[in-house]
Amino acid sequence: MRPGTGKTSIAPILITGSIITALTLGVRATMGLFPDAIDRALDVGIGTVGLTVALQNLVWGLGQPLAGTIADRYGAARTLLVGAIAYAGGLLVMGAANGPAGLHLGGGVIVGLGMSAASFAVVLSSMSRLVDPHRRSMALGVATACGSLGHFVLVPLTGAVISAFGWRSALTVLAVVTVSIGLFVGPLRTRSGPSESVEMPPQDDESLLTTLARAARHRDYLLVNCTFFVCGFHVTFIGVHLPKTLTDAGLDTAVANMSWSLVGLFNIVGAFAAGALGMRFAKSRLLSIMYSTRALAFAGLVLLPVTPVVALGFGVVIGIVWLASVPLTSGIVLGQFGVRRAGTLFGFVFLSHQIGAFLGSWGGGEIRELTGSYDLWWWLAAALGVAAAAVHFSISEEPAPALPEHRRRASPSTA
């Protein structure tokens with residue numbers, strides 16, 4: 001607490017939010033290192049491992065609205081702790097698997113459920129409630145940026161553990177890393193309702209069902225859902241299949257892993273810049289630029305000779321626009337509906353993201369198995385990027401209008 005102010009200091013919130021995001025995003029980022037190692041050990045095919053990660057993302061998305069609602073009502077700290085335990089348990093089950101069933105159960109279902117509760121969506125919603133509005137965009141950008149340190153650090157370390165001790169040992173190490181999230185949840189211990197330092201829009205006293213009804217009727221919120229589907233398709237397809245794309249082109253595994261690590265490193269720059277720019281410029285316009293840049297990068301990866309320079313350059317460009325979408329998209333949702341139901345509403349947006357993630361991961365593996373190349377999926381990713389960029393030009397960030405009075409009276413009161 002700041003002496004004499006009665007307001008919560010932003011420093012512990014930023015530090016712990018950044019650490020938790022670093023751990024969750026860092027462990028998630030390592031999934032792209034396992035397909036080759038698991039396929040060589042179990043002979044299950046790249047498509048099977050792609051399906052495991054696809055299931056993981058789908059279950060994560062399905063569980064995110066519920067996890068967000070629980071965090072809104074009972075507090076982010078408890079939600080994150082339970083999620084971390086489930087996340088670690090799923091990794092251990094995956095590491096003990098001897099076939100597709102164990103991979104899908106551990107790495108798909110259990111890890112997905114753990115991710116939904118121990119996700120950056122829960123962290124960012126909690127931070128939005130605890131940080132006053134004029135610093136919110138920057139705080140979300142900082143947490144997302146620092147989260148990429150986990151990506152940059154854990155990807156090469158996990159690759160080294162896989163090479164030295166095998167993929168099962170690497171999953172055990174990641175389980176230990178994940179369960180350590182529980183050590184950092186204290187400063188995010190808050191229950192429903194914003195802190196005293198956060199201003200509440202007039203609609204923040206409405207029931208959950210009324211808020212959901214407003215969201216379902218609000219065109220711009222629905223468009224945000226559609227475009228975040230594209231983001232999920234992009235980031236999961238890249239995260240799972242970029243290393244294999246590069247080794248298929250004849251590059252060394254070390255170069256492929258370095259390209260993927262650079263995504264995490266340069267995302268620090270991109271996410272921090274997105275948070276800062278989101279305080280000054282329209283978030284929807286910034287997202288249009290981001291999706292256009294992704295589309296150009298995808299087309300370049302297919303059309304240009306895949307040399308080490310191209311691979312590393314791709315990692316740099318994609319890193320800058322990698323998770324820059326997160327503080328901007330969550331900021332749009334907060335502007336439309338306020339902070340009280342932030343976890344729930346961003347949970348539904350994130351569900352759309354994870355449906356895209358399922359299709360990006362699973363579809364990429366299937367296309368690789370059927371055609372021997374990822375080219376078709378890279379072109380689809382580019383086309384989706386162009387479409388998302390166009391849609392964002394029509395998205396308004398203004399508060400969602402209230403329901404007509406007769407509809408508000410018809411909605412039952414909900415805590």
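Modeller: Happy to! Let's start at Gln-64, which, leaving aside neighbours within four places in sequence, is in contact with Met-115, Ser-116, Ser-119, Ala-121, Val-122, Gly-347 and Phe-350. Please keep in mind that this is a predicted model. Gln-64 sits in helix α3, which spans residues 46-74. Its relative accessibility is 1%, so Gln-64 counts as buried.

From there, let's turn to the nonpolar interior. In soluble globular proteins, nonpolar side chains tend to be buried together. Here the largest nonpolar core has 114 residues, and those with the most contacts inside it are Phe-34, Ile-38, Leu-91, Met-127, Trp-260, Tyr-291 and Trp-378. Helix α10 supplies the largest share of this core, 13 residues. Take Leu-91 as an example: not counting residues up to four places away in sequence, it touches Val-27, Met-31, Val-111, Leu-171, Leu-174, Ala-175 and Thr-178.

Asp-36 brings us to the charged pairs. It forms a salt bridge with Lys-244, where the closest N and O atoms are 3.3 Å apart. This pair links distant parts of the chain, as Asp-36 is in helix α2 and Lys-244 in helix α10, 208 residues apart. The two partners fall in separate classes: Lys-244 has 18% relative accessibility and so counts as buried, while Asp-36, at 28%, counts as partly exposed.

Asp-248 and Arg-368 also meet through their side chains in a salt bridge, at 2.6 Å from N to O. Again distant parts of the chain are linked, with Asp-248 in helix α10 and Arg-368 in helix α15 (residues 342-371), 120 residues apart. Asp-248 is partly exposed, with a relative accessible area of 34%, whereas Arg-368 is buried at 17%. Put together, Asp-36, Lys-244, Asp-248 and Arg-368 are linked in a network of salt bridges.

The structure holds four salt bridges. One of them joins Asp-220 to Arg-219, with the closest N and O atoms 2.8 Å apart. Asp-220 is buried, with a relative accessible area of 10%, and Arg-219 counts as partly exposed at 45%.

Key: Residues numbered from 1 in each chain as written. Predicted model: local features only at pLDDT ≥ 70, side-chain atom pairs only at ≥ 80, totals over all residues. Heavy atoms only, no water. Helix = DSSP H or I, 4+ residues; strand = E, 2+ residues; numbered from the N terminus. Buried < 20%, exposed > 50% of the residue type's maximum accessible area, 1.4 Å probe, protein only. Contact = heavy atoms within 4.5 Å. Core = buried A, V, L, I, M, F, W, Y, C linked by side-chain atoms within 4.5 Å.
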